[in-house]
Amino acid sequence: MRYEAGAGEEFEAACGLLIDRLVRWAGEQGLSADGFLVEAALDYRHRATADGRLGLWEARHVEELLLSWLPQQVTELPGEERADGPGTLRTLLRFLHAVRLADPRGPALDDSLGAVDAAAERYPAAMADRTRWGLAKFWAVTGAEQGVDVMDGAAFQRFAERAQRGDVAFDQRTLDAIMDRRLNGRGLADGARAEPQLPVVLPSDGELRRRAEASTIVVQLRGLAEWVGREGRVVTAAGRLRMADARELVDGLGTGDRTEGVRSSSDLPRLGLLVEWAKKARLVRVAKGRLHAVAKARPVLADPLQLWSRAFDALFELRQALIGARSGWHVESMLFDIYDEMLEDVLNTLYSLPYPMPWPRLRDSVHVGYRARFRLDAGPDFQHRMWFQHADRDLRAVLDALEDLGAVEREQGMADPVFLEADLFDLEDSGPELSAGMPQELGELLGVMGTAADPAAARDRNRLLREELTAGPVELIRLTELGTRAVRQRLLAAGRDAPLVGELVQAPAAGLLGVLAEDYDPDTARIELGGWISAHGERDAALRQLTDAVRTMADTAFRTRALAMLDVLAAALPDGDGERLLRALRGDDVMAPLALSALTHRELLSPADMTDAEHLLMLAESLLQLVELSGGSGSAEEALRAQGPEARDAVAAALASAHPDRPGLEELRHLGARAWRTSPVRRGRGPSMGRGGRKRRR
C-alpha cells in the first residue's frame, strides 16, 4: 500500500489489482465506482503527497483530491457526463476498510466519509473553475470547444500547431493563471514524495517533561519571563534592555556573557539571543517602551514540555539573532540564506538514525547542499574554503543552540562503519543536474549525491572524508528523545510518515501486521508486536486474532499481502515461536500454502521435505501471486505467456491442487485460456511435482 516514487511499474501493477478488486466488490455491494477516478485517486496519493500511503485518507487528502487534483487532472469534454468524484471516493474508502487495507493510523471511516461530504458541496464549482485546470486539460477542452476531435492524435497535433502560431482563440487570462500556479509551485505536482522514516521509540510524556525541565534554555526562558513580570521592564528607544538590567540578567540567568567594559546590551550576544528567543516563542513582547510578559503564555510557562516545544519551534525564526551579521562590516554566510530549509534538512537527517552522525559527514553533506543551491564562481580555492568555513561556524552555532535546548547531544567517539560504506561525493553526477535530483534530506545515510564536474576532485573529497572519519575520535551528533519527539511532530504536520513504536497497540490485527510489514525494521516490529499481544489479553487468543487476520486477508484475494503479514508475524515472535507457528499452520487447510511459502522463504523447509500435495500447493500459490503482482487481468495474461510453454502445464497442475482459493484458481483458469487463446484449461493432475520435480520460483 505504498511504493517508492520511482517504482512506477510496481505501483501500476498494484493500482490495476486494486481497481479490479474494487470494481468487482462495488458491483456486489450495489455501489458505483468509476475505475478511471479510482486510478486518479490512487495516483494522487502516490505522486502528489509526501507519504504516498494509499490506505490513509485524512480530511486534507480528501479535500485536496476533490478540489485540486481531480479538477487539474480529469478532463471532461463538452457533452460528456460529469464524473462523480465524491461518490467514487466514498466507494474507495468503504472498500479499503472492508478489505482491511485502510491504514490503522488514519481516521475512522465515518470521519473520512464526513470529510467527503464536506468537500462534495464545493466539488462541482472546483471542477468548473478553469484556473484550477492543468495545462493539458486547458488545451484539450479549448480544442474540443472549437470542434477539434481531441481523441484524434493527428487532429489535435494540427490544433496545437495552430495555437503555437497564434491562430487559435483562447482565454488568455485563464491560461496566465494556470501558468502562474505552475511556475510558482502552488499546484500539485509529481515529486512531492519524501523518504519514509524508521520507527522511533519514545518515553512517556511524563519522562519527557522531566527532561524538558532540565533544559538550559527552558530554565533561562522561564527565568526571563519571571524577571520581566506583569508590570514589565523599561527598554531603550531601540527596544533593547538597559545595561543595568542586562548585567542583572547575565548573572541571574547564567548566560555567560562578558559584561566588563560593555556599554550596550546589544553587545551581549547570548543574552540578546535569549531575549529574541523569548519573543519568537511568544513569551514576552515589547509594547509602549516596556518589555512585558505575555499573559496567555502562563500555562505554557507552567508546563516544561509545552515550553520546550514552543522554544523548539521558535528556533526556526531565529536566523538573524543566531547567525546574522552583527554589523555592517560583516556579511552573512551561505547558511544564512537557506537557514530554515537547511535546519529542517539537518534535523530530518538526524531523525531515526540508528547511529550518531559524525560531524565530518554532516558537515560535508551540508556542503553538498550549498553546492546545489549556490552558483560558486571560478574564484580561488582559498576563497571557497573561507566561505565554507564561515558557514561551518554558523552551523556549529546552530548546533550549540540545539544542544543548550536539549534537542541534540554531542560527544567524542569513533564513527560507525556504516558512514564509510558509500561515497558522499558522486564521481559521475555534476553541478547543473544536481539540484533537480537532490534528496530532500541532506546526507542520506547511504545515499550518493553529486558535487562536482571533476571526478578526480570528487575522489579526493571522498578519500579525505574517509581519512578524517577513521583517523581517530570525531564529534558524534544525535537527536535526544526530546528532539526526536519535536522533529516527529513537524514531520507529521508536513504530511510525512513517522512511525512511533507503541502507536499501534489498539490497532486491529490486520492493520497492525500490514504496517509492520511495510514500515518496521525487525527490532522495532518485535517490540510493537509484543506490546500489542500484551494489550490483547491471553497470548494464545491474541495469536489467534493475528492468524485469523492473515486468513481473512487471503480470503479477500490479496495473497501477497497475506504472505507478507504472516512472514512479519513469524519474524517478530520471540524464541522460535515464529517457526513453531508456521509449522503448525502447515497442516491448516486454508493457511498451508502461505505457511509453506514462508517456511521455504526462511529456508526452514526444503523441497525434499514436502509431499507431492504440498508441491502442488506451492505451485498454485506461486501462480496466484504472479497474477496478483502483474496487476489486472490483461497484465496477468501477458505474465503467464512470458513464462514460456511450461506455464500451461503448470497452470493445469495448479488447478489440480487442493489450494483453498477456489475463486482465484477459477480466475487463473480463465486467464490461462485467454493467454493461450484456447478453451479454458482443464483441471487435471498435470505433470508430476514430486520431490525431484521442477518448481517455478517467484
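Strands here are DSSP runs of E with at least two residues, helices are runs of H or I with at least four, and both are numbered from the N terminus. Everything below comes from a predicted model.

View 1. Setting aside neighbours within four places in sequence, Arg 233 is in contact with Trp 227, Val 228, Asp 245, Gly 289, Arg 290 and Leu 291. Gly 289 is 56 residues away along the chain, yet the C-alpha atoms of Arg 233 and Gly 289 are separated by 8.4 Å.

View 2. Is Asp 245 buried or exposed? It counts as buried, because its relative accessibility is 7%. Asp 245 belongs to helix 12, which covers residues 243-253.

**View 3. Helix 4 against helix 5.** Two packed helices are described by the angle between their axes and the distance between the axes. For helix 4 (residues 85-98) and helix 5 (residues 109-120), the axes come within 10 Å and cross at roughly 175°. So helix 4 ends up roughly antiparallel to helix 5. On the helix 4 side, the meeting residues are Pro 86, Leu 89, Arg 90, Leu 93, Arg 94 and His 97. Helix 5 answers with Leu 109, Ser 112, Leu 113, Val 116, Asp 117 and Ala 120. Sorted by type, the residues of this contact come out as 7 nonpolar, 2 polar and 3 charged.

View 4. Arg 100 sits in the loop between helix 4 and helix 5. What is its phi? The value is near 65°, which is positive in a residue other than glycine. Most residues other than glycine have a negative phi. Arg 100 is partly exposed, with a relative accessible area of 40%. Asp 111 is found in helix 5 itself, and its relative accessible area of 51% makes it exposed. Along the sequence, Asp 111 and Ala 59 are 52 residues apart, but C-alpha to C-alpha they are 8.1 Å apart in space.

**View 5. Leu 66 and the nonpolar cores.** In soluble globular proteins, nonpolar side chains tend to be buried together. The largest nonpolar core here has 86 residues, and those touching the most other members are Trp 57, Leu 66, Leu 70, Leu 89, Leu 529 and Leu 546. Zoom in on Leu 66: beyond its neighbours within four places in sequence, Leu 66 is in contact with Pro 71, Gly 85, Pro 86, Leu 89, Val 116, Ala 119, Tyr 123 and Ala 126. A second, separate core has 83 residues, including Met 243, Tyr 339, Leu 353 and Ala 486.

**View 6. Helix 7 and what covers it.** Helix 7 spans residues 135-145, and it is largely enclosed by the rest of the structure because 8 of its 11 residues are buried. The buried ones are Lys 137, Phe 138, Trp 139, Ala 140, Val 141, Thr 142, Gly 143 and Ala 144. The cover over them includes helix 3 (59-73), helix 6 (123-128), helix 8 (153-164) and helix 9 (172-183). Just after helix 7, Gly 147 takes a positive phi of about 85°.

**View 7. Arg 496 and the backbone of Glu 195.** The loop between helix 23 (481-493) and helix 24 (509-519) holds Arg 496. Arg 496 is buried, with a relative accessible area of 5%. A polar atom of the Arg 496 side chain lies 2.7 Å from the backbone oxygen of Glu 195.

**View 8. Arg 282, then the whole protein.** Arg 282 is placed in the loop between helix 13 (269-280) and strand 2 (284-287). Its phi is near 60°, positive in a residue other than glycine. Zooming out, the protein has 33 helices and 8 strands. Buried residues make up 50% of its 698 residues. Among contacts between residues at least 6 apart in sequence, 72% join residues at least 24 apart.

Notes
Residues numbered from 1 in each chain as written. Predicted model: local features only at pLDDT ≥ 70, side-chain atom pairs only at ≥ 80, totals over all residues. Heavy atoms only, no water. Axes fitted to C-alpha atoms, helices over the stretch in contact; angles between N-to-C directions. Parallel < 35°, antiparallel > 145°, perpendicular 65-115°, else oblique. Contact = heavy atoms within 4.5 Å. Nonpolar A, V, L, I, M, F, W, Y, C, P; charged D, E, K, R; others polar. Core = buried A, V, L, I, M, F, W, Y, C linked by side-chain atoms within 4.5 Å. Buried < 20%, exposed > 50% of the residue type's maximum accessible area, 1.4 Å probe, protein only. Polar contact = N/O pair within 3.5 Å; in protein donor to acceptor, adjacent residues only side chain to side chain.
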